[in-house]
Structure formats: C-alpha cells, structure tokens
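Hi,

Here is the structure I said I would pass on. Have a look at it first, and then read on for what turned up.

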Amino acid sequence: MLRSTGVSRTVPAVLALQGGLGNQLYQWAFGTALRAAGVPLAVDVTRCRGHRPLAIEPLIRDWPRVPRVVGLPLAALTRGRSTLRRPVRLVRDDALAGGEYDDALVAAIVSGGSHRPQPPGQARPGLAGPAPWYLLGYFQSPRYFQEVRAQVTEQATAFVRSQLTPEGEQLYREWAGREDSVAIHVRRGDYLTDAAAAATHGVMAPSYYQGARELLDGQGLRRVAWFSDDLPWVEQTLARDGDRLITGEGLCTADGGEIALMSACRVRVLANSSFSWWAGFLGRPSSPERPIIAPAAWYKDGRSTGDRIMPGWSTL
C-alpha cells in the first residue's frame, strides 16, 4: 500500500521511462502514486528515443527530471559500465516477483528503508543502504497505483482524449453514449518482427478474435470497430462486411487518441498489449452482458498473466 508516513524523506527515487505509450502510462501511474506518498521522485527520459520516444510529456511536464549527463550513466547501470560516483540502488521489476507487483519494494521505497536482494544474476544485487533508488521496469500492475486510481483514471482519460481531433471527439461521444458499440484491438507489428517480443508475447491467433465475435453475436453486438497496427491483415482475415476499420486519420492527433476511442466503446476485445490494457481499464466497466474480453494467456512464453486481467473481465 502506497501511503505516506508523514516523515520528510532523504532517500530520493529516479523512475526511468521506457517503452511505448502503454508502458509509459504504467510507469507514470506508479510515479503518481509514489509522489502522492511523499517520495521525492524525478524521472529519467534517456531511454525514450528512436521509435519509442517520450509519449506522455503533458503528464510529467511539472515533474523534476534528471539531466541527460546523469541519465546516460544511470542507463549504463544495467550494463555494468556506469561512471556514477554515488551508489545507486537499481531495481528492475522484471527481476522481482516474476515481474509482478512487489509489495516489499513499495514498502521500502516509501519508508526509505532497504529491500530484499535481487535474485542471483541480476544487476547490482543487494539493495540495503541509503543510496537513491533507480526504478527501471514497466510496473504493469494496477496495484502499484491503487491508492490514486481515481486520479490516474481521470488524468489518463483527459490525456488520451486530448489527442482526438474535433471529429474524433464527436465519435468518442457517440460511442460512449451507445450500449452496442464494440472495439476490437489487434496487435501485430513488433510482435511479429521483433524476435524478443515474438517469443515473449506472440500475436493472438485468429481463433481468439473469432471466438470473441461468436460470443458477441450471441448478445446481438455487431457494431464493431477494429483498431490495429496491421489493418490490411485485419480486413483480409477478421473483419466482416459492415465493420469499421479505424485508421486514426482525421480522428487522432497521436496514438493516445486510439486508446480514447477504444475506451469509449461499451464492449472491448483486447490484445495482449499494454496499449490495449489501458483501453480496457479506462472507460465503462465490464459486465456479463457488455464484457471486456482479454486473452486468458497474456504471454506466449508461459509466464503468469498476473494483474493484466482486471476483476470482472472475461477471458478467452
């Protein structure tokens, strides 16, 4: 539980931002909770570059940032080549509790105390002492921001809606006002082309989406909008006559607009991605008659789905 102890803290933390929009939203949400608990927090945006630039600038505009001359040595910690003169306690969430929520880590950060050592083979094992925290990971669990969930939901919704054009906002309001609007998200892209992503996640099989459509057909839900990074494949393989393919052109100014449009729909069928997860998390809750449907197996490599599936969501 992220609660302030009311004690002035001398142990600061630096939160590294990395990955695409969905992952950066998770990290921002965790940082929001840490700040609310009184942790002196700065962000490191050094890893946001290339095809994964900083995507959440408006959400962290007023947050302290470490300068690049510090961020680069911090980033080098994972390779054992850092030139930092001051010790830093590196925490990688993929090394803790199988990458899932770690209450001992949260308690240590908030109290300024120590945390149990990382498993053998991880960078910089042994986290005792007064050195600042360097938090590197994805922190993909809503339990990391449960104490500020309402704030996160409100701010994230406003952020993604800000990336809609006037036409996109009009469509958002239309779908949000309907009980039969359906969004289906298909993630392909790097899940096919990047070897690591393909091995960890893998793409959802057409049978997953076909099963979801059959379930929705039984409830008379056929007003479907498809979202994907590979719409030609969706059109050829999955879409039916009368379905709508959302390109984002004319509707969105950035990727967050697509999250907003998906979240506006009463029913959402998610892919196994953090981008998709936020579309499920934001917006109206799941119900047996109007479900949010997620993959029962989020990972191809067999690791636990963990907190990816929210209470009340359906799985296939």
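Let's start with helix 10 (residues 256-264): nine of its nine residues are buried, so the rest of the structure largely encloses this helix. Buried here means under 20% relative accessible area, with exposed being over 50% and partly exposed in between (1.4 Å probe, protein chains only). Helices (H or I, at least four residues) and strands (E, at least two) are DSSP runs, numbered from the N terminus. The buried residues of helix 10 include G256, E258, L261 and A264.

Before going further, a word on where this comes from: the model is predicted, so local features need pLDDT of at least 70 and side-chain atom pairs count only at pLDDT 80 or more, while totals for chains, interfaces and linings use all residues. Residues are numbered from 1 along each chain as its sequence is written, and side-chain values use heavy atoms, with hydrogens and water left out.

Four strands make up an open sheet in the order 2-1-4-3, with parallel pairing. At the edges are strand 2 (41-44) and strand 3, each with a single partner strand, so one side of each has no neighbour in the sheet. On average, neighbouring strands are turned by 25° against each other, direction ignored. Two strands count as paired if DSSP finds at least two bridges between them. Axes are lines fitted to C-alpha atoms, for helices over the stretch in contact, and angles run from 0 to 180 degrees between N-to-C directions.

Three bridges link it in the parallel sense to strand 1 (residues 13-16), with A13 partnering W133 and L15 partnering L135. Strand 3 (residues 89-92) also runs parallel to strand 4, joined by four bridges, and V91 stands opposite L135. Which way do the side chains of strand 4 point? W133 and L135 go one way, Y134 and L136 go the other way, and all are buried.

Helix 1 (residues 21-36) lies across strands 1, 2 and 4, at about 165° to strand 1; contact means heavy atoms within 4.5 Å.

Now the inside. A nonpolar core is a set of buried Ala, Val, Leu, Ile, Met, Phe, Trp, Tyr and Cys residues joined through side-chain atoms within 4.5 Å. The largest one has 66 residues, and W28, L135, F145, L261 and W278 touch the most other members. Helix 1 gives the largest share of this core, eight residues. Apart from it lies another core of 18 residues, including V186 and Y208.

Two single residues are worth a click. F139 sits in the loop between strand 4 (133-136) and helix 4 (149-161), and is buried with a relative accessible area of 0%. Phi of F139 is near 50°, a positive value in a residue other than glycine. Most residues other than glycine have a negative phi.

The other is S228, in strand 6 (residues 223-228), which counts as buried at 12% relative accessibility. The side chain of S228 reaches the backbone oxygen of V186 at 2.9 Å, and one of its polar atoms lies 2.9 Å from the backbone nitrogen of D230. Leaving aside neighbours within four places in sequence, S228 is in contact with H185, V186 and V234.

Cheers

Note on methods:
Polar contact = N/O pair within 3.5 Å; in protein donor to acceptor, adjacent residues only side chain to side chain.
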